Amino acid sequence: MSLIEETDELMLDFDKIAKIAPENRVIPAAIQNMDTKEVILVAYINEQALRESIARRKLVLWSTSRNELWFKGAESGNTFTLHRIFVNCEQNSLVLQVTPDKGNICHTSTNGVPNNCFYRELDLDSGKLKRV
């Protein structure tokens with residue numbers, strides 16, 4: 001894991017979309033566990049990834065760092081079944097409801113226990129990140 005995944009310093013990347021747009025034509029996608037309603041991760045999706053997700057009924061996203069389709073869990077085996085897709089009012093973001101097929105839901109863990117991707121909370125008083 002990299003420093004940004006372990007630090008307690010707030011280092012938000014407000015330039016992320018600017019770095020990848022407009023050539024990649026992506027929108028944000030919140031990935032939610034259909035059973036628990038827990039937000040697992042927020043990622044990006046393009047038209048091709050959306051079509052693949054619908055056709056396969058599996059979670060497929062767009063990797064902005066690798067600039068390619070991201071078949072979630074293709075390498076680890078920790079895939080997600082896609083059940084529902086919600087479109088926001090301006091049609092510029094999605095919520096995809098999924099269920100994990102097995103194993104981890106994020107590449108991070110705390111003491112060997114898998115995290116979702118939102119495993120830190122911003123302490124509003126100190127401005128530091130703390131594990132939850």
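Five salt bridges are found when the whole structure is searched, a salt bridge being a side-chain nitrogen of Lys or Arg within 4 Å of a carboxyl oxygen of Asp or Glu. The model is a predicted one, in which local features need pLDDT of at least 70 and side-chain atom pairs count only at pLDDT 80 or more, while totals for chains, interfaces and linings use all residues. Residues are numbered from 1 along each chain as its sequence is written, and side-chain values use heavy atoms, with hydrogens and water left out.

One of these salt bridges is formed by the side chains of K128 and E9, with a distance of 2.2 Å from N to O. Because K128 lies in the loop between β9 and β10 and E9 in the loop between α1 and α2, the pair ties together parts that are 119 residues apart in sequence. The helices (H or I, at least four residues) and strands (E, at least two) named here are DSSP runs, numbered from the N terminus. K128 counts as partly exposed at 31% relative accessibility, and E9 counts as partly exposed at 37%; on this scale buried means under 20% relative accessible area, exposed means over 50%, and partly exposed is in between, using a 1.4 Å probe and protein chains only.

A salt bridge also joins the side chains of R25 and E47, at 3.4 Å from N to O. This pair links distant parts of the chain, with R25 in the loop between α2 and β1 and E47 in helix α3 (residues 47-56), 22 residues apart, and both R25 and E47 are exposed. In the salt bridge between E52 and R56, the closest N and O atoms are 2.7 Å apart. Because E52 and R56 are four residues apart in helix α3, about one helical turn separates them.

The loop between α1 (3-6) and α2 (16-20) also holds L10, which is partly exposed with a relative accessible area of 41%. Although L10 and G127 are 117 residues apart in sequence, their C-alpha atoms are 7.1 Å apart in space. If neighbours within four places in sequence are left aside, L10 is in contact (heavy atoms within 4.5 Å) with L122, G127 and L129.

Strand β2 is mostly covered, with five of its seven residues buried. It runs antiparallel to β1, and six bridges join the two strands; strands are said to pair if DSSP finds at least two bridges between them. Within this pairing, A30 stands opposite V42 in β2. The two strands β1 and β2 form a hairpin with five residues between them, and K37 in the turn has a positive phi of about 70 degrees. N33 has its place in strand β1 and is buried, with a relative accessible area of 9%. Apart from residues up to four places away in sequence, N33 touches E38, I40, V98 and P100.
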